[in-house]
Each structure stands twice: as C-alpha cells, then as structure tokens.
Amino acid sequence: MAGDGAYRAQPGEVQRLAPGLRLVLAPNPSPMTLHGTNTFLLGIGAVAVIDPGPEDPRHLAAILAALEPGESISHIFVTHAHRDHSPLSRALAAESGAPVLAYGDAEAGRSATMAALADAGMIRGGEGVDRGFRPDLCLADGAVVEGRDWQVRAIHTPGHFGNHLCFATRLDGAEVILTGDHVMAWATSLISPPDGDMGAFMQSLDRLAGEAAERYYPAHGAPVEAPQDRLRALRRHRLEREAQILAALADGPSDSATLTRRIYVETPDVLRPAAERNVLAHLIDLTERSRVSCDGAMGPDATFRRSDSARNL
C-alpha cells in the first residue's frame, strides 16, 4: 500500500489539480474508498464530470457549486457501476441535461465464466453494485469523445469490474489517464467475482502498460506519479498472492476462507471479507488456467486443489 503523501482534499472542496482539471471529493470515506470518491471536472466552460459518485445531495450541490459563473456540464462519464461511482449520475443528468456515458450497464463486459457464475447466483460479497445503472450512451473500447476544450479516449479495463473504463486525456501538453479503481496509489483493487475478474485484471494492467501516460488520476486517493512503476508493483503483488495460494494448496485441498486465514495473517477483520473475495478471484483464474481444480460447483464454499501441472512446477 502506497502512502497518500501531502495530498488530502476535503469533502466539497474544489481542488485544482492541473490546468483544466478540478476535483471535488465526495463525503463517503471508508476502508474501501479511503477519503472518499474523487469526482473530476475536466475542461473550462462546458465541462465533463468523471465519476459523479454516490447518491448524496450534499455532493450533488458541491459539484454544481464547483462550476464557475457561466459554466455548464456537457458530459457525465462513469468509470464503472459501483455505488460509490455511478448513482449520482442520474440526479446530475437531470440537473444539467448532460448525457451519461459508460461502457454499459452493470453486467456489461463480463467474461463467459463470470456471466455463468452470476447466473448461478454467486453474487454475495461484492462492493455494492449499482444494478439499476444504465448509461445514455455506451462507449466502445477506443471511443473518443470531444468537448469544447477537451478530448477523452475510453480504454476498456475489466478486472475490478466488467464495465470498467479508464479515460485518457491531455493536460498541459501531457497525456494522463483517469484510472477509476483499476490503479490507485494507496491500495490494490478489490477483485470480487463475478463482477471482478482476476485474469481480466492482469490483462488490463498490460493494456495500460502500453499507454504513454505521465500520470494517473484514480477515483480514490492521490495521483499516481510513476504509472509504470505502479503497474509493475501491482502485477508483482498479484503474482506473489498467486504463489502463496499454490504453496498453501500444496498442503492439501482447501476453500477460499481457509486460504485467506492462512495468507492474510495481518489483515484487519474489517477487510477480511474483501481479502477472501480476492483469494476466490485468484482461485477462479487459476482454475481457468488449469493450475487448480475445483471440487463441484465453483463458488465461495467450493474446495480447490492443485492440479498435477501445478505440482510439477
């Protein structure tokens, strides 16, 4: 977990991060959101709002108050359909008349495996899905949207959530990416199946590594000042967890809860359910890669065992 440094916005405060980029912090701090959700205002005059945040009238008022005289909201972008990111888009759209843009609804972007798990009822333990979320316009991977003095390019980055998008733009001559919950400086992302997908998360890290961004602006916490270093650290962390899981399974079959207790020995109780979801995400990914096999139906209560191929590595 990286430190937050001197960066610390206050709820409702307008913080100017760069020419053409403002931040308004939502009043929803928690162990999963740190200080709260970062709502970004991009541009001057006719501005875009990225991640309106939770359904909270105080935050709606703060976003509108952040507009300068004569300014208006022309577009509302949502990185993904978690309740700390998307619900306020409805009230903000009604207030501003701006369309809501996202990859799709809360089920969009799932792999066939995750869709099957969702159909089987494996939905408990998530972060809080905005299941009623419906964008006005769906953005395909690579779609470019232009405003009066800004341009954003959508990058589909499933992993934390199937419909997760990052948004690349240019600020003061440099390319930056608004990374939502996919890459943060202060913590790793929760991967909670079936909305979260570990295999997709790793592929999305590789996708971002191919971008030439100089800085990331995540939806929680401070900017990421060295993006490539952070991507390498996140990949290394996940591979280490994978190795720990395989090592623990060398002692015999186990379920995700038991593995979590063995591996996350210093994790506070409040974060243990999230850790268990991450372990389950690794187990599903390892099963898809034939490193692990599952006894019976896949799910939180299933028993997993190392495959012969994993034993020989």
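**View 1. Helix α7 is mostly covered, with 13 of its 17 residues buried.** Buried means under 20% relative accessible area, with a 1.4 Å probe and protein chains only. The model is predicted, with local features requiring pLDDT of at least 70 and side-chain atom pairs pLDDT 80 or more, while totals for chains, interfaces and linings use all residues. Residues are numbered from 1 along each chain as its sequence is written, and side-chain values use heavy atoms, without hydrogens and water. From first to last C-alpha, α7 reaches 24 Å, close to the 24 Å expected at 1.5 Å a residue; the expected span is 1.5 Å times one less than the number of residues. After α7 comes S290, with a positive phi near 65 degrees.

**View 2. Helices α5 and α7 (residues 272–288) pack at about 80 degrees, with axes 10 Å apart.** They are therefore roughly perpendicular, a term for angles of 65 to 115 degrees. On α5 the contact (heavy atoms within 4.5 Å) involves R238, R241, E242, I245, L246 and L249. On α7 the partners are N278, V279, H282, L283, D285 and L286. By class, these residues are six nonpolar, two polar and four charged.

**View 3. Helices α4 (residues 198–209) and α5 (residues 227–249) cross at roughly 155 degrees, their axes coming within 10 Å.** The two are therefore roughly antiparallel, which requires an angle over 145 degrees. M198, F201, M202, L205, D206, L208 and A209 of α4 meet Q228, L231, L234, R235, R238 and L239 of α5. Nine nonpolar, one polar and three charged residues make up this contact.

Definitions and conventions:
Axes fitted to C-alpha atoms, helices over the stretch in contact; angles between N-to-C directions. Helix = DSSP H or I, 4+ residues; strand = E, 2+ residues; numbered from the N terminus. Parallel < 35°, antiparallel > 145°, perpendicular 65-115°, else oblique. Nonpolar A, V, L, I, M, F, W, Y, C, P; charged D, E, K, R; others polar. Buried < 20%, exposed > 50% of the residue type's maximum accessible area, 1.4 Å probe, protein only.
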